[in-house]
Amino acid sequence: MINGEYLKAIRKERGITLAVLSRETGCTASYLSQIERRLKEPSLPMLRKLSETLNIPMVSLLSSVNDNQQPSKNSFFQVTLAGQRNVVILPELETKSEIFTPINSSCSMKGTIYTTPPGKYSSEGMISHTYDECIFVLSGQTTVFIESEAVSLKGGDSIYIYAAAKHNFYNCGQDDLVILAFSDSRIRQ
C-alpha cells in the first residue's frame with residue numbers, strides 16, 4: 001500500500017502543487033489527491049512516474065513511516081534494527097526490497113537491500129532515475145543492462161549508475177541475488 005503521507009510531505013517540501021504533479025505525471029489532481037489520502041492505489045507505471053517526478057526511489061513510496069525509527073535524543077542519528085526494516089515485495093516482480101534507512105522527508109540518503117530470485121529481473125523493464133545510484137552485490141550473480149551495454153557482476157563487485165541511465169538487473173545465477181543500493185534524493189541545483 002502506498003505511503004500517501006510521505007508522498008504528500010515530499011511533494012509539499014519540494015514546492016510542487018497537485019496541479020503541477022498532475023501535469024508531470026499525466027493524471028488528474030483529483031486522482032493524485034486520492035492516492036495521497038490512500039483512497040486509491042496507483043499502478044506500477046504510475047508509481048514509477050511519481051518516483052521519477054519527485055526524485056525518490058519508488059520503494060520509498062510503498063513503505064510506511066516506521067515509528068521505531070526514531071532519532072536519538074540528540075537528533076544526530078537514527079537506528080533501524082534488523083526486525084524494524086520496511087519490507088516491500090511487488091508481486092509483479094518478485095523482488096523483495098528492504099529499506100534500512102528512515103522513511104521521512106528529512107532523510108535524503110536512501111539505502112535498500114534488494115533480493116531477486118534466480119531467473120528474474122529487479123524491475124519491470126529498463127528504468128532510469130533522476131538521481132545517481134551506487135550498487136554493491138552482497139551475494140549472487142547478475143547481468144546489469146545499462147543502456148546498450150551488459151555488465152556481469154558477482155558478490156563483492158559494485159557499480160555506480162549515473163542519473164538518467166536506463167538500467168535493469170537480471171539474476172543470472174542459481175541463488176538469490178542480493179544487492180545493496182544507495183541513492184541521494186536531494187534535488188541538485
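Which hand does the crossing of α2 and α4 have, left or right? The crossing is right-handed, and more on that pair of helices comes below. First, some ground rules: this is a predicted model, where local features need pLDDT of at least 70, side-chain atom pairs count only at pLDDT 80 or more, and totals for chains, interfaces and linings use all residues. Residues are numbered from 1 along each chain as its sequence is written, and side-chain values use heavy atoms, with hydrogens and water left out. Helices (H or I, at least four residues) and strands (E, at least two) are DSSP runs, numbered from the N terminus.

**Helix α1 and its two sides**

- Helix α1 covers residues 4-13, and its buried residues (buried means under 20% relative accessible area, with a 1.4 Å probe and protein chains only) are G4, Y6, L7, I10 and R11.
- Looking down the axis of α1, you find those buried residues within an arc of 160 degrees, so they line one face of the helix; the arc is that of the directions from the helix axis to the C-beta atoms.
- What do the buried residues of α1 pack against? Their partners are α2 (18-25), α3 (29-36), α4, α5 (58-61) and β3 (109-116).
- After α1 comes G15, which has a positive phi near 70 degrees.

**How α2 and α4 meet**

- Two packed helices are described by the angle between their axes and the distance between the axes.
- For α2 and α4, the angle is about 120 degrees and the axes are 10 Å apart; axes are lines fitted to C-alpha atoms, for helices over the stretch in contact, and angles run from 0 to 180 degrees between N-to-C directions.
- That makes α2 oblique to α4, given that angles under 35 degrees count as roughly parallel, over 145 as roughly antiparallel, 65 to 115 as roughly perpendicular and the rest as oblique.
- As for the right-handed crossing of α2 and α4, a crossing gets that name if the near helix is turned clockwise from the far one by less than a right angle, and left-handed if anticlockwise.
- On the α2 side, L21, E24 and T25 meet M46, K49, L50, T53 and L54 of α4; contact means heavy atoms within 4.5 Å.

**A closer look at S51**

- You'll find S51 in helix α4, which spans residues 44-54.
- Is S51 buried or exposed? At 3% relative accessibility, S51 counts as buried.
- If you skip neighbours within four places in sequence, S51 is in contact with I56, P57, M58 and L61.
- S51 and L7 sit 44 residues apart in sequence, with 9.1 Å between their C-alpha atoms.

**The six-stranded sheet**

- Six strands make an open sheet in the order β1-β2-β3-β9-β4-β7, with antiparallel pairing; two strands pair if DSSP finds at least two bridges between them.
- The edges are β1 and β7 (158-161), each pairing on one side only.
- On average, neighbouring strands of this sheet are turned by 20 degrees against each other, direction ignored.
- In a regular strand the side chains alternate between the two faces of the sheet.
- β1 runs antiparallel to β2 (residues 96-99), joined by four bridges, and V88 has S97 as its bridge partner in β2.
- Four bridges also join antiparallel strands β4 (residues 133-139) and β7, where E133 is partnered with I161.

**The three-stranded sheet**

- Another open sheet has three strands in the order β6-β5-β8, again with antiparallel pairing.
- Its edge strands are β6 (149-154) and β8 (167-171), each pairing on one side only.
- From one strand to the next, the twist averages 25 degrees.
- Five bridges hold the antiparallel pairing of β5 (residues 141-146) with β8, and I146 stands opposite H167 of β8.

**Two residues with a positive phi**

- Most residues other than glycine have a negative phi, and most peptide bonds are trans.
- R38 has a positive phi near 60 degrees and sits in the loop between α3 and α4.
- With a relative accessible area of 44%, R38 is partly exposed, the class between the buried and exposed cut-offs.
- E147 has a positive phi near 50 degrees, lies in the loop between β5 and β6, and is partly exposed at 47% relative accessibility.

Key
Buried < 20%, exposed > 50% of the residue type's maximum accessible area, 1.4 Å probe, protein only.
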